[in-house]
Amino acid sequence: MKITERTPVAISSDSFFFEKDKSNSILVMGVGNYLMGDEGIGVHIIQEMYKKELPEYIDILDGGTGGFLLLSCFQVYPTIIFVDATMDGKPAGTISLIRPKFASDFPSALSVHDVGLKDMIEAVYLMEKVPDIHLFTVSIEEINPMTIELNPKVKEAIPELIDRILMHSKSLRFK
(Lines give C-alpha, C1' and ligand atoms only; values in the text may rest on other atoms or scores of the structure.)
Protein backbone atom coordinates (compact mmCIF):
# COMPACT_ATOMS: atom_id res chain seq x y z
CA MET A 1 0.00 0.00 0.00
CA LYS A 2 1.44 3.36 -1.02
CA ILE A 3 1.05 6.14 1.50
CA THR A 4 0.97 9.66 0.16
CA GLU A 5 3.39 12.09 1.73
CA ARG A 6 1.82 14.42 4.26
CA THR A 7 2.68 18.03 4.78
CA PRO A 8 4.80 18.36 7.95
CA VAL A 9 3.14 20.11 10.84
CA ALA A 10 5.12 22.63 12.87
CA ILE A 11 4.34 22.36 16.56
CA SER A 12 4.83 25.62 18.40
CA SER A 13 2.85 24.95 21.53
CA ASP A 14 3.34 22.64 24.50
CA SER A 15 -0.41 22.01 24.41
CA PHE A 16 0.15 19.50 21.57
CA PHE A 17 1.80 17.14 24.03
CA PHE A 18 -1.13 17.30 26.44
CA GLU A 19 -4.04 17.07 23.96
CA LYS A 20 -4.43 13.29 24.27
CA ASP A 21 -3.40 10.66 26.75
CA LYS A 22 0.04 9.41 25.76
CA SER A 23 0.47 7.00 28.67
CA ASN A 24 0.35 4.03 26.26
CA SER A 25 2.43 5.69 23.54
CA ILE A 26 6.09 5.56 22.62
CA LEU A 27 7.76 8.68 21.25
CA VAL A 28 10.49 8.22 18.64
CA MET A 29 12.49 11.44 18.52
CA GLY A 30 15.18 12.08 15.93
CA VAL A 31 17.75 14.70 16.91
CA GLY A 32 20.55 16.36 15.01
CA ASN A 33 21.30 19.18 12.65
CA TYR A 34 19.78 18.42 9.24
CA LEU A 35 22.18 20.87 7.56
CA MET A 36 25.33 19.07 8.81
CA GLY A 37 25.28 15.96 6.62
CA ASP A 38 25.44 12.66 8.54
CA GLU A 39 25.03 14.50 11.85
CA GLY A 40 21.37 14.95 10.90
CA ILE A 41 20.60 11.22 10.58
CA GLY A 42 18.05 11.40 13.42
CA VAL A 43 16.01 13.93 11.47
CA HIS A 44 16.33 11.88 8.26
CA ILE A 45 14.96 8.83 10.10
CA ILE A 46 11.90 10.76 11.29
CA GLN A 47 11.26 12.04 7.76
CA GLU A 48 11.34 8.48 6.43
CA MET A 49 9.13 7.16 9.24
CA TYR A 50 6.65 9.94 8.48
CA LYS A 51 6.04 8.29 5.08
CA LYS A 52 5.13 4.94 6.67
CA GLU A 53 1.99 3.63 8.25
CA LEU A 54 3.03 3.31 11.88
CA PRO A 55 1.36 1.48 14.77
CA GLU A 56 -1.06 3.70 16.69
CA TYR A 57 1.15 3.59 19.80
CA ILE A 58 4.12 5.24 18.05
CA ASP A 59 4.42 9.01 17.79
CA ILE A 60 7.34 10.57 15.93
CA LEU A 61 8.99 13.93 16.42
CA ASP A 62 11.76 15.78 14.59
CA GLY A 63 13.60 17.10 17.64
CA GLY A 64 16.21 18.83 15.48
CA THR A 65 18.44 20.87 17.76
CA GLY A 66 15.61 21.67 20.17
CA GLY A 67 17.34 21.16 23.53
CA PHE A 68 15.24 22.44 26.44
CA LEU A 69 12.31 23.15 24.12
CA LEU A 70 11.69 19.40 24.09
CA LEU A 71 11.26 19.00 27.87
CA SER A 72 7.46 18.88 27.67
CA CYS A 73 7.76 15.55 25.80
CA PHE A 74 9.30 13.96 28.88
CA GLN A 75 6.31 14.87 31.01
CA VAL A 76 3.77 12.96 28.92
CA TYR A 77 5.52 9.97 27.31
CA PRO A 78 6.43 6.98 29.48
CA THR A 79 8.93 5.74 26.87
CA ILE A 80 11.12 7.78 24.52
CA ILE A 81 13.41 6.41 21.84
CA PHE A 82 16.05 8.87 20.64
CA VAL A 83 17.81 8.53 17.29
CA ASP A 84 21.11 10.37 16.91
CA ALA A 85 24.50 10.22 15.19
CA THR A 86 27.71 9.33 16.98
CA MET A 87 31.41 9.41 16.16
CA ASP A 88 32.34 6.30 18.11
CA GLY A 89 35.06 4.94 15.79
CA LYS A 90 32.82 2.20 14.38
CA PRO A 91 32.30 1.94 10.61
CA ALA A 92 29.87 4.46 9.13
CA GLY A 93 26.30 3.17 9.25
CA THR A 94 26.79 0.96 12.32
CA ILE A 95 23.60 0.91 14.41
CA SER A 96 23.79 0.60 18.20
CA LEU A 97 21.18 0.58 20.96
CA ILE A 98 22.18 2.25 24.22
CA ARG A 99 20.20 2.44 27.46
CA PRO A 100 21.48 5.76 28.87
CA LYS A 101 20.89 6.38 32.56
CA PHE A 102 22.74 9.70 32.80
CA ALA A 103 23.64 12.46 30.37
CA SER A 104 27.23 11.20 30.48
CA ASP A 105 26.00 7.93 28.93
CA PHE A 106 25.10 9.78 25.71
CA PRO A 107 27.67 9.76 22.89
CA SER A 108 30.36 12.44 22.71
CA ALA A 109 29.34 15.86 21.43
CA LEU A 110 29.04 16.18 17.67
CA SER A 111 27.69 19.68 17.27
CA VAL A 112 26.01 22.46 19.20
CA HIS A 113 22.82 20.40 19.58
CA ASP A 114 24.55 17.85 21.78
CA VAL A 115 25.27 20.37 24.51
CA GLY A 116 21.55 21.14 24.61
CA LEU A 117 20.64 17.44 24.49
CA LYS A 118 22.91 16.51 27.39
CA ASP A 119 21.71 19.49 29.43
CA MET A 120 18.12 18.55 28.67
CA ILE A 121 18.71 14.95 29.81
CA GLU A 122 20.25 16.22 33.07
CA ALA A 123 17.13 18.36 33.57
CA VAL A 124 14.89 15.34 32.89
CA TYR A 125 16.53 13.43 35.74
CA LEU A 126 15.56 16.29 38.07
CA MET A 127 11.90 15.96 37.13
CA GLU A 128 9.42 14.04 39.24
CA LYS A 129 8.56 11.64 36.41
CA VAL A 130 11.41 10.22 34.30
CA PRO A 131 10.55 8.28 31.13
CA ASP A 132 12.19 5.04 30.05
CA ILE A 133 14.87 6.31 27.63
CA HIS A 134 16.39 4.31 24.78
CA LEU A 135 18.94 5.63 22.28
CA PHE A 136 19.63 4.29 18.81
CA THR A 137 22.87 5.68 17.39
CA VAL A 138 24.23 5.58 13.87
CA SER A 139 28.00 5.76 13.57
CA ILE A 140 29.33 8.50 11.31
CA GLU A 141 32.85 9.36 10.25
CA GLU A 142 32.63 13.10 9.69
CA ILE A 143 30.43 16.17 9.85
CA ASN A 144 29.88 18.02 6.60
CA PRO A 145 28.53 21.53 7.19
CA MET A 146 25.93 23.00 4.87
CA THR A 147 24.77 19.79 3.21
CA ILE A 148 21.80 17.50 3.64
CA GLU A 149 23.54 14.67 1.76
CA LEU A 150 24.34 11.50 3.70
CA ASN A 151 27.33 9.20 3.38
CA PRO A 152 26.11 6.19 1.30
CA LYS A 153 26.77 3.77 4.19
CA VAL A 154 24.81 5.98 6.61
CA LYS A 155 21.97 6.29 4.10
CA GLU A 156 21.93 2.49 3.58
CA ALA A 157 21.38 2.04 7.33
CA ILE A 158 18.04 3.90 7.29
CA PRO A 159 15.71 0.97 6.39
CA GLU A 160 17.38 -1.36 8.91
CA LEU A 161 17.27 1.27 11.63
CA ILE A 162 13.57 1.92 11.06
CA ASP A 163 12.90 -1.84 11.24
CA ARG A 164 14.89 -2.07 14.48
CA ILE A 165 13.04 0.91 15.97
CA LEU A 166 9.68 -0.67 15.12
CA MET A 167 10.70 -4.09 16.50
CA HIS A 168 12.13 -2.52 19.65
CA SER A 169 8.99 -0.42 20.13
CA LYS A 170 6.82 -3.50 19.75
CA SER A 171 8.89 -5.40 22.32
CA LEU A 172 8.64 -2.46 24.76
CA ARG A 173 4.91 -2.15 24.23
CA PHE A 174 4.14 -5.80 24.82
CA LYS A 175 6.57 -6.70 27.59
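## Exercises on a predicted model

The structure shown is a predicted model.

**Exercise 1.** Determine which residue of strand β5 stands opposite Ile95, and how the strands β4 and β5 pair.

*Solution.* Step one: Ile95 has Val138 of β5 opposite it. Step two: β4, which spans residues 95-98, pairs with β5 in the antiparallel sense, and four bridges join the two strands.

**Exercise 2.** Describe how strand β3 is joined to β5.

*Solution.* Step one: β3 covers residues 79-86 and runs parallel to β5, with eight bridges between them. Step two: within this pairing, Leu135 of β5 is the residue opposite Phe82.

**Exercise 3.** Identify the elements that supply the largest nonpolar core.

*Solution.* Step one: this core has 24 residues, and Val28, Ile41, Ile45, Val154, Leu161 and Ile165 have the most contacts inside it. Step two: at least two core residues come from each of β1 (26-31), α1 (41-50), β3, β5 and α4 (152-173). Step three: α4 gives the most, namely seven residues. Step four: leaving aside residues up to four places away in sequence, Ile45 touches Val83, Ile158, Leu161, Ile162 and Ile165. Step five: another core, of 21 residues, lies apart from the largest one and includes Val31, Ile80, Ala103 and Leu135.

Definitions and conventions: Residues are numbered from 1 along each chain as its sequence is written. This is a predicted model: local features need pLDDT of at least 70, side-chain atom pairs count only at pLDDT 80 or more; totals for chains, interfaces and linings use all residues. Side-chain values use heavy atoms; hydrogens and water are left out. Two strands pair if DSSP finds at least two bridges between them. A nonpolar core is a set of buried Ala, Val, Leu, Ile, Met, Phe, Trp, Tyr and Cys residues joined through side-chain atoms within 4.5 Å. Buried means under 20% relative accessible area, exposed over 50%, partly exposed in between (1.4 Å probe, protein chains only). Contact means heavy atoms within 4.5 Å.
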